[in-house]
Amino acid sequence: MYAASNQLHKVKPGDVLWIVNVYLGELLLLGRLQVETVVADSEVAQDLADADPDDWDEADYYAIANRYNIEPMREVDITPFVPELRFYGASDRLQGVDAQQLRSLRELVPESAKLVEQFWYDAKLEEEPTVQDIIEIRE
């Protein structure tokens with residue numbers, strides 16, 4: 001798994017990138033990528049990410065996750081927590097749910113990072129079983 005962006009020069013190994021989306025007024029947490037390395041060379045990044053060249057996103061920088069420590073993507077609605085999220089910088093909070101506020105890379109303060117991580121893992125535990133899960137349980 002990798003993230004490609006012209007803004008990733010600020011990211012370092014060990015950082016966690018949270019992949020989010022705004023959809024119909026909701027802030028959705030889609031994924032967690034723990035950064036193993038950041039590279040600027042597209043060919044090296046493709047090798048490290050073991051990516052299909054046809055699905056490759058060109059960018060100035062690539063944050064690569066350890067392929068043995070990848071978490072599946074899923075949708076977790078974190079809209080109720082928007083007022084509690086804090087970021088470093090002059091604009092330290094979101095003004096409601098607006099995708100424009102998330103167009104650039106923003107760094108969560110430690111308390112907010114812990115909150116997002118806790119919500120990510122708590123939501124994983126609370127997921128209802130899917131039909132596939134039920135079939136596997138009954139087999």
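Me: Are Arg 32 and Glu 71 buried or exposed?

Reply: Bear in mind that this is a predicted model. To judge burial, look at relative accessible area: under 20% counts as buried. Both Arg 32 and Glu 71 are buried here. Arg 32 falls in that class because its relative accessibility is 11%.

Me: Which side chains meet in a salt bridge at 3.2 Å, N to O, with Arg 32 as one of them?

Reply: For a salt bridge, look for a side-chain nitrogen of Lys or Arg within 4 Å of a carboxyl oxygen of Asp or Glu. Arg 32 pairs with Glu 71 in this way, at 3.2 Å from N to O. Arg 32 sits in strand E3 and Glu 71 in the loop between strands E4 (61-65) and E5 (76-77), so their bridge ties together parts 39 residues apart in sequence.

Me: What else forms a salt bridge with Arg 32?

Reply: Glu 117 does, with the closest N and O atoms 3.4 Å apart. This pair also links distant parts of the chain, since Glu 117 belongs to helix H2 and Arg 32 to strand E3, 85 residues apart. Glu 117 is partly exposed because its relative accessibility is 28%.

Me: How many salt bridges does a search of the whole structure find?

Reply: Four. One of them joins Arg 93 to Asp 92, where the closest N and O atoms are 3.2 Å apart. Arg 93 counts as partly exposed at 34% relative accessibility, and Asp 92 does too, at 27%. When bridges share partners, read them as a group: Arg 32, Glu 71 and Glu 117 form one network.

Me: Now for the nonpolar side. Which residues have the most contacts inside the largest nonpolar core?

Reply: The general idea is that nonpolar side chains tend to be buried together in soluble globular proteins. In this model the largest nonpolar core has 14 residues, and Leu 29 and Leu 85 have the most contacts inside it. Strand E3 (26-39) and helix H2 (110-126) each supply at least two of its residues. Helix H2 gives the most, with four.

Me: What is Leu 29 in contact with, leaving aside neighbours within four places in sequence?

Reply: Its partners include Trp 18, Ile 19 and Val 20, as well as Val 76, Ile 78, Val 116 and Trp 120.

Key
Residues are numbered from 1 along each chain as its sequence is written. This is a predicted model: local features need pLDDT of at least 70, side-chain atom pairs count only at pLDDT 80 or more; totals for chains, interfaces and linings use all residues. Side-chain values use heavy atoms; hydrogens and water are left out. A nonpolar core is a set of buried Ala, Val, Leu, Ile, Met, Phe, Trp, Tyr and Cys residues joined through side-chain atoms within 4.5 Å. Buried means under 20% relative accessible area, exposed over 50%, partly exposed in between (1.4 Å probe, protein chains only). Contact means heavy atoms within 4.5 Å.
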